[in-house]
Amino acid sequence: MTSERPKILTDKTHIPGIETFDVYRKNGGYSAVEKALKTMTPDEVVEEVKKSGVRGRGGAGFPMGMKWSFLAKPEGVPRYLVCNGDESEPGTFKDHWLMKTIPHLLIEGMIVSSYALGANTSYIYVRGELMYVVRILEKAIAEAKAAGFLGKNILGSGYDLELYVQPGGGAYICGEETALLESLEGKRGNPRNKPPFPAVKGLYQCPTVVNNVESIATTSWIVNNGGDAYAAIGIGRSTGTKLISASGHLKKPGVYEIPLGLPVQEFIYSDEWCGGIRDGHHLKAVVAGGSSVPILPAAMLLKTASGEDRLMSYESLSDGGFATGTMMGSGGFIAMDETACVVKNTWNFSRFYHHESCGQCSPCREGTGWMEKVLHRIEHGHGSMHDIDLLVDVAKKIEGNTICPLGDAAAWPVASAIRHFRDEFEWHITHPQEATRPGAIFKGHMELV
Amino acid sequence: MKVTIDNITIEVEPGTTILQAARKIGPEVAPPAMCYYEPLKASGGKCRACLVKVTAGSEKDPRPMPKLVPSCITQVQDGMIVENTVNEQVLETRKGIVEFLLLNHPLDCPICDQAGECHLQDFSFQHGVQQTRYEEERRTFEKQDLGPNIQLHMTRCILCYRCVFTADQITGNRVHGVLNRGDHAEISTYIEKAIDNDFSGNVIDVCPVGALTDKTYRFKNRVWFTKPVDAHCDCEKCSGKVTLWYRGDEVIRVTARKNQWGEVLEFICNTCRFERKNTADWTIEGPTKVARHSVISANKYGANKIVPEFARRLAASQYKDVHEGRDTSQLNIKQLPEERFKQLIPPAGESAVAGIRSIQNWADDK
């Protein structure tokens with residue numbers, strides 16, 4: 001069963017010692033670099049990526065080939081490729097796992113992608129907390145360089161590439177691409193106003209492409225097997241496979257590579273994947289794409305509003321808009337059973353966004369703190385009924401009015417939790433003593449699956 | 001390039017921002033700006049007070065923009081149609097921005113030196129609501145001295161970054177910046193180092209609120225009791241063009257001159273600002289022109305001598321009697337919201353009568 005599933009990123013991860021250059025090379029590694037540099041022009045590589053239809057795996061889901069084709073190419077100005085390894089979304093841990101398990105896959109992808117974009121200097125920006133991953137990557141880069149896959153005149157093709165790893169300072173906001181570039185330049189990680197977009201003025205005011213770790217790691221497979229083969233996997237405009245970080249009350253949490261289009265029901269309950277909800281409990285709610293995306297009640301997640309099975313794909317997950325849908329996001333799949341308190345969870349997310357707001361623009365700086373304080377009050381039994389409408393109103397005033405998407409990311413979980421779990425918020429307000437008791441479970445009107 | 005803002009069309013140079021185009025039309029349609037400051041490069045886009053709705057992107061591509069855009073950094077396109085004061089969503093969002101900016105602001109206007117010339121006061125009077133829904137504790141900071149002449153009262157700060165840009169661009173070495181994140185971010189000089197620079201005093205002028213104040217003027221007077229006078233001197237370091245603020249015969253404060261948007265025209269040096277406090281140091285040019293709506297002008301300057309501004313003139317020239325003998329009951333006439341009506345007509349009293357008379361006189365002359 002498992003062997004039939006297409007494996008693009010995880011086909012070699014089970015091999016012992018795959019983090020070393022020799023083992024990786026013996027198992028067919030760096031063949032994409034050889035193929036691209038020796039037989040393909042940069043434009044042909046871009047064309048293959050376009051054909052594959054692969055979409056950015058960092059959260060926004062923007063087609064990667066299209067992003068690459070937007071890159072401005074003025075004469076005499078260097079271009080940069082920056083890999084965004086600042087994965088800090090609560091619930092998402094796929095890039096971390098990929099980088100530490102098979103660092104050479106990322107480096108191979110970086111070489112191929114840099115070649116396609118004409119970048120001679122590229123950076124991997126890794127989250128500050130993951131210093132050991134930085135060391136793994138640096139060791140892998142040194143190995144690749146010693147073998148002639150990095151540096152001057154790679155494989156005699158005349159193409160030069162220097163690859164650097166830069167640890168961040170541990171701020172969530174530096175995962176936003178323009179804040180990442182500011183941070184990489186050595187400045188305070190404040191997002192920039194857009195336009196201009198990084199494709200025109202990015203790192204050091206030069207054209208830059210910023211891609212997620214998983215997106216870049218995919219490119220070597222696309223070069224080896226062709227864009228059409230990649231596009232054959234998946235469903236509709238959601239092509240290929242996606243790493244999902246499954247966590248929460250599941251029997252088998254972990255990182256899974258799924259073909260897009262897999263039914264959500266199968267992903268949660270099949271033994272091949274998460275194996276269902278822990279014994280004796282039922283699924284209550286799911287945050288399907290990392291903490292920023294709207295939370296959905298179990299029933300709404302499994303079936304769309306029109307009654308069809310919901311699939312793990314960009315389109316199906318967002319079916320119905322925010323009224324009945326959510327988003328693919330970065331693939332942080334957090335499942336909660338009936339013991340989880342939605343109010344507490346929402347407060348926890350809010351606390352995170354309050355802590356991580358950069359403080360540059362006023363709606364996010366002030367609004368995230370306000371929402372956190374109000375949610376803290378409700379969670380601890382001091383809320384009042386008008387607090388619920390207040391939260392909805394504050395979320396509405398943050399959403400869409402900020403410089404970067406952190407404002408939206410902070411507003412959506414709150415707005416969606418109230419949209420779908422208003423009863424539970426009201427219960428916290430009307431029955432504070434009951435609700436604040438340790439181990440309290442909301443038994444009000446709600447559909448468990 | 002033609003751009004239409006609130007149904008008024010104006011011709012502007014390419015590269016003009018929406019805010020600048022709106023300012024050309026007049027203050028009634030100009031969006032408020034709490035962080036944007038024309039003399040400072042890279043300022044703007046942070047406070048979100050100037051968000052406007054673009055209902056048509058350009059002649060070529062007349063699709064509306066999906067989100068509200070910050071008018072201070074968005075350049076106009078030919079044929080762009082912008083809604084500012086006529087758009088419900090914009091006004092609602094602006095109310096929200098006032099509320100956000102006031103969340104952690106102490107509202108200690110009665111003891112604040114900036115009161116009367118505070119942009120946040122003006123902004124909240126014009127666009128805010130009277131009550132707050134915020135019940136939680138506000139964030140506070142200790143007061144800090146930035147050198148002998150400047151005091152930083154971070155609690156009042158709205159993090160517009162203007163002083164950071166000033167310190168970066170006007171003064172030589174960069175010792176002034178922002179520490180920490182989110183609502184605990186604070187302006188600081190790394191770390192509590194005095195800004196030892198000849199032009200450091202300009203951070204006081206650019207501050208829209210009372211977070212950075214002049215220690216030589218602190219608690220000396222309320223700004224509406226003082227008389228501003230334009231003056232200049234032969235200064236080796238700066239242009240020497242300043243505004244002196246008199247109480248009786250005494251110069252109690254020296255600031256740079258500002259335009260009608262509260263932006264400094266020419267930055268001045270610390271010697272002019274903090275040390276030249278005698279009339280004998282200066283050549284007096286005459287009283288500073290102060291906008292009539294400002295509290296500084298209260299009862300001092302003849303309102304009837306001020307020519308009505310563009311939008312008022314426009315309103316007067318387009319004024320038609322609605323009772324011109326036709327049945328208007330079928331028309332869907334939308335009344336101006338009362339607040340806006342109040343803004344157009346000065347408050348009651350002698351000056352109000354004079355103001356209306358001046359509009360009517362002007363219209364009659366036409």
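These legends accompany close-up views of a predicted model.

**View 1. Helix H18 of chain A is kinked.** Helix H18 spans residues 406–430 of chain A. It bends by about 95 degrees, and the kink is centred on A:Phe421. Of its 25 residues, 20 are buried, so H18(A) is largely enclosed by the rest of the structure.

**View 2. A:Thr402 sits in the loop that leads from H17 to H18.** Helix H17 covers residues 385–398 of chain A, and A:Thr402 lies in the loop between H17 and H18. Is A:Thr402 buried or exposed? Its relative accessibility is 6%, so A:Thr402 counts as buried. A polar atom of its side chain lies 2.9 Å from the backbone oxygen of A:Cys404. Beyond its neighbours within four places in sequence, A:Thr402 is in contact with A:Cys361, A:Pro363 and A:Cys364, among others. The contacts also include A:Gly407 and A:Asp408. One of the contacts belongs to chain B: B:Arg48.

**View 3. A salt bridge links A:Glu272 and A:Arg5.** Side chains of opposite charge can pair when their charged atoms come close. Here the side chains of A:Glu272 and A:Arg5 meet, with 2.8 Å from N to O. A:Glu272 lies in the loop between helix H11 (264–269) and strand E10 (283–287) of chain A, while A:Arg5 lies in the segment before helix H1 (21–26) of chain A, so the pair ties together parts that are 267 residues apart in sequence. Both A:Glu272 and A:Arg5 are buried. Over all chains, the count of salt bridges comes to 47.

**View 4. A:Lys187 pairs with A:Glu185.** These two residues form a salt bridge, and their closest N and O atoms are 2.8 Å apart. A:Lys187 is partly exposed, with a relative accessible area of 46%. A:Glu185 has 19% relative accessibility. Buried means under 20%, so A:Glu185 counts as buried.

**View 5. B:Glu250 and B:Arg247 form a salt bridge.** Their side chains meet at 3.2 Å, N to O. B:Glu250 is partly exposed, with a relative accessible area of 39%. B:Arg247 is also partly exposed, at 34%.

**View 6. Five strands of chain B make an open sheet.** The strand order is E2-E1-E5-E3-E4, and the pairing is mixed. Strands E2 (8–11) and E4 (69–70) of chain B stand at the edges with a single partner strand each, so one side of each has no neighbour in the sheet. Strand E3 (residues 51–56) of chain B runs antiparallel to E4(B), and two bridges join them. B:Leu51 has B:Pro70 as its bridge partner in E4(B). Helix H2 (residues 88–103) of chain B lies across E3 and strand E5 (80–83) of chain B. The helix runs at about 165 degrees to E3(B).

**View 7. E1 and E2 of chain B form a hairpin.** Strand E1 (residues 2–5) of chain B runs antiparallel to E2(B), with four bridges between them. B:Val3 has B:Ile10 as its bridge partner in E2(B). Two residues lie between the strands of this hairpin. There, B:Asp6 takes a positive phi near 50 degrees. In a regular strand the side chains alternate between the two faces of the sheet. Which residues of E2(B) make up its covered face? They are B:Ile8 and B:Ile10, whereas B:Thr9 and B:Glu11 make up the uncovered face.

**View 8. A:Asp228 belongs to helix H10 of chain A.** This helix covers residues 227–232. The C-alpha atoms of A:Asp228 and A:Val49 are 9.2 Å apart, although 179 residues separate the two along the chain. Leaving aside neighbours within four places in sequence, A:Asp228 is in contact with A:Glu48 and A:Lys51.

**View 9. B:Phe274 is buried in helix H6 of chain B.** The helix spans residues 270–275. B:Phe274 has 8% relative accessibility, so it counts as buried. Not counting residues up to four places away in sequence, B:Phe274 touches B:Asn149, B:Ile150, B:Gly201, B:Ile204, B:Asp214 and B:Thr216. The C-alpha atoms of B:Phe274 and B:Arg253 are separated by 7.9 Å, and the two residues are 21 apart along the chain.

Note on methods. Residues are numbered from 1 along each chain as its sequence is written. Chains are lettered from A and ligands numbered from 1 in the order in which they are written. This is a predicted model: local features need pLDDT of at least 70, side-chain atom pairs count only at pLDDT 80 or more; totals for chains, interfaces and linings use all residues. Side-chain values use heavy atoms; hydrogens and water are left out. The bend at a residue is the angle between axes fitted to the seven residues ending there and the seven starting there. Buried means under 20% relative accessible area, exposed over 50%, partly exposed in between (1.4 Å probe, protein chains only). A polar contact is a pair of N or O atoms within 3.5 Å; within protein, one must be able to donate a hydrogen and the other to accept it, and residues adjacent in sequence count only if both atoms are side-chain atoms. Contact means heavy atoms within 4.5 Å. A salt bridge is a side-chain nitrogen of Lys or Arg within 4 Å of a carboxyl oxygen of Asp or Glu. Two strands pair if DSSP finds at least two bridges between them. Axes are lines fitted to C-alpha atoms, for helices over the stretch in contact, and angles run from 0 to 180 degrees between N-to-C directions.
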